[in-house]
Amino acid sequence: MLHHVAIEVTPEQASRCRDFYRLLGFAAVQPPPTLRDRALWLERDRTQVHLLFEQEPVTPPEGHLAVVVEDYDRALEALRDAGHSPQARTEHWGSPRAFVRDPAGHRVELMAFPPG
């Protein structure tokens, strides 16, 4: 199991990114005291996304987070309703997939179910 991924965001982008990942089922959790002023942590089913505050964040152009969403169609609808634009991609492993950018510009792949 993957425990966490850490991505860089500006402090100003953090709340918009938190709201974006909430649409995918992630909820805020407390980071350790030594990181509370440097990061915002989110968790879903024991997997975490760590938003690390950087004044000049690096956003990989092609690298991405892949998130399996339980109700794929509802997740896409919630993202669209919130002003995001998921783009459908070719199915892999029989799973519907889409890509969307979070408010900091990170690519996020949405999958109906994991490869198996």
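Predicted model: local features only at pLDDT ≥ 70, side-chain atom pairs only at ≥ 80, totals over all residues.
Residues are numbered from 1 along each chain as its sequence is written. Local features need pLDDT of at least 70, side-chain atom pairs count only at pLDDT 80 or more, and totals for chains, interfaces and linings use all residues, while side-chain values use heavy atoms, without hydrogens and water.

The open sheet has 4 strands in the order β5-β8-β7-β6, with mixed pairing; strands are DSSP runs of E, at least two residues, and helices are runs of H or I, at least four, numbered from the N terminus. Strands pair if DSSP finds at least two bridges between them. β5 and β6 stand at the edges with a single partner strand each, so one side of each has no neighbour in the sheet. From one strand to the next the twist averages 25°. β7 and β8 run antiparallel and are joined by 5 bridges; A98 has L110 in β8 as its bridge partner. Helix α2 packs on the sheet and touches β7 and β8, its direction making about 20° with that of β7. Contact means heavy atoms within 4.5 Å; axes are lines fitted to C-alpha atoms, for helices over the stretch in contact, and angles run from 0 to 180 degrees between N-to-C directions.

| Element | Residues |
|---|---|
| β7 | 95–101 |
| β8 | 107–111 |
| α2 | 72–81 |

The lining of the largest pocket includes L2, F26, R44 and D45. β4 (47–53) and β5 (64–68) each supply at least two lining residues, and β5 gives the largest share, 4 residues. A pocket is an open set of points on a 1 Å grid over the protein atoms alone, where a 1.4 Å probe fits, with protein on both sides within 12 Å along at least five of seven lines; lining residues have an atom within 4 Å of a point.
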